[in-house]
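Hi,

Here is the structure we talked about handing over. Please look it through, then read the notes below.

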Amino acid sequence: MLRNRLLGSVFAKSVRDWLTWTIIAVVALWLLAAMYVAVMSTSGDAYVTMLEDFPEALSNIYGTQDGSAAGMALAGMYSIMAPIVLLAYAIGLGSSAAVGEEENRTLPVLLSSPLRRRSILAAKTAVVVIGVIIVIAGMWLGIEVSAALFGLDMSQHDQLAPAIQLVGLVLLFGALSLGVSAATGVSALGIGVAAGLALASYFITTLLPVVEELAEIAKLTPWYLYSGAEALYEGIDPLLLVIALGIAAVLFAAGAYRLDRRDLKG
C-alpha cells in the first residue's frame, strides 16, 4: 500500500513538472493545424501545382499527398510539423524521466523511499506515454476543428490512422533518449543521439528513394516504420506499428537495466 502511494506521488509530481510542456505542445499543434488548414482552404490548388513542379527529392520531403487541398494540409501536418513537435516533446521528456531528478539533485529524496530505481523510471515513463497520447489526440481534434471552421472537407481522409501510427515513431525516439540518458547519466547525450538519429533517418527515408538502387535502404530506418505505412491513405500498418512499439519497449528495458546498475549522481 505504501509503495503504491509513493509511486502515485512520483506519477503526480511528473504530471505537475511536465504539464506546461504538454500544454505548449498541444497549443503549438493547434496553431499549426489552423495555419495549414486556413492556407490550404483558400489557396490549396496553387500549392498543389507548385509542389508538382518541385524536384522529386523536395516533394518527397513534404510527404505523400493526393493532390487535394485537404491532402496537402494533412501531409504538411503529419509528415513535417507533427513529428517535429512531438519528437521534441518525447525526446526531451524521455531524457528528463531518466535523469531529470539526478541532474536537479533531487534524487536523494526519491531514493530515501522504499522504491526501486526502475519503479520510479516506470512511473515517469507512464506520464510521458500518456502525454504523447494526449498531445496527438489534441492535434487530431485541432485539425478537425480547424477544418470545420475554415470549411475544408476532410471526409475522404482518415487522419486517425496516421495519428495512431505516429505514436509508435514518437515513443521509439523518446525511449531512445530515455535509454541513452539512463545508461550514461547525461541528458544532453540522450537528447543528441535521439534527435540526430531522428533527423538522419528522416532524410534517408525521404531522399534515398529518389535513387532506385538505394530505395530499399530507406526501408531500414526507424522513420520508415511511420512513413512506410502511408497511413493517411492506406490505414494503419499493424506490423510496422508493433515493430516500433517493440523497439521502444526494448530501449526502455535496456535503460532501466542500466539505471539499476549505474552509480548515480546527487
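First, a term: buried means under 20% relative accessible area, exposed over 50%, and partly exposed in between, with a 1.4 Å probe and protein chains only. At 11% relative accessibility, Tyr202 therefore counts as buried. Phe203 has 35%, so Phe203 is partly exposed.

The model is predicted: local features need pLDDT of at least 70, side-chain atom pairs count only at pLDDT 80 or more, and totals for chains, interfaces and linings use all residues. Residues are numbered from 1 along each chain as its sequence is written, and side-chain values use heavy atoms, with hydrogens and water left out.

Now the rings. Rings of Phe, Tyr and Trp (its six-membered ring) pair if their centres lie within 6.5 Å; planes under 30 degrees apart are stacked, over 60 edge-to-face, and the rest tilted. The structure holds 2 aromatic pairs. Tyr202 and Phe203 are edge-to-face, at 5.2 Å centre to centre and 70° between the planes. Tyr202 also pairs edge-to-face with Trp223, at 5.0 Å and 65°. Tyr202 sits in helix H7 (residues 187-207) and Trp223 in the loop between H7 and helix H8 (224-227), so this pair ties together parts 21 residues apart in sequence. Helices here are DSSP runs (H or I, at least four residues), numbered from the N terminus. Tyr202 and Trp223 are both buried. Ring pairs link Tyr202, Phe203 and Trp223 into a cluster.

Elsewhere, Val145 lies in helix H5 (residues 117-150). Val145 is partly exposed because its relative accessibility is 30%.

Best wishes

Note on methods
Helix = DSSP H or I, 4+ residues; strand = E, 2+ residues; numbered from the N terminus.
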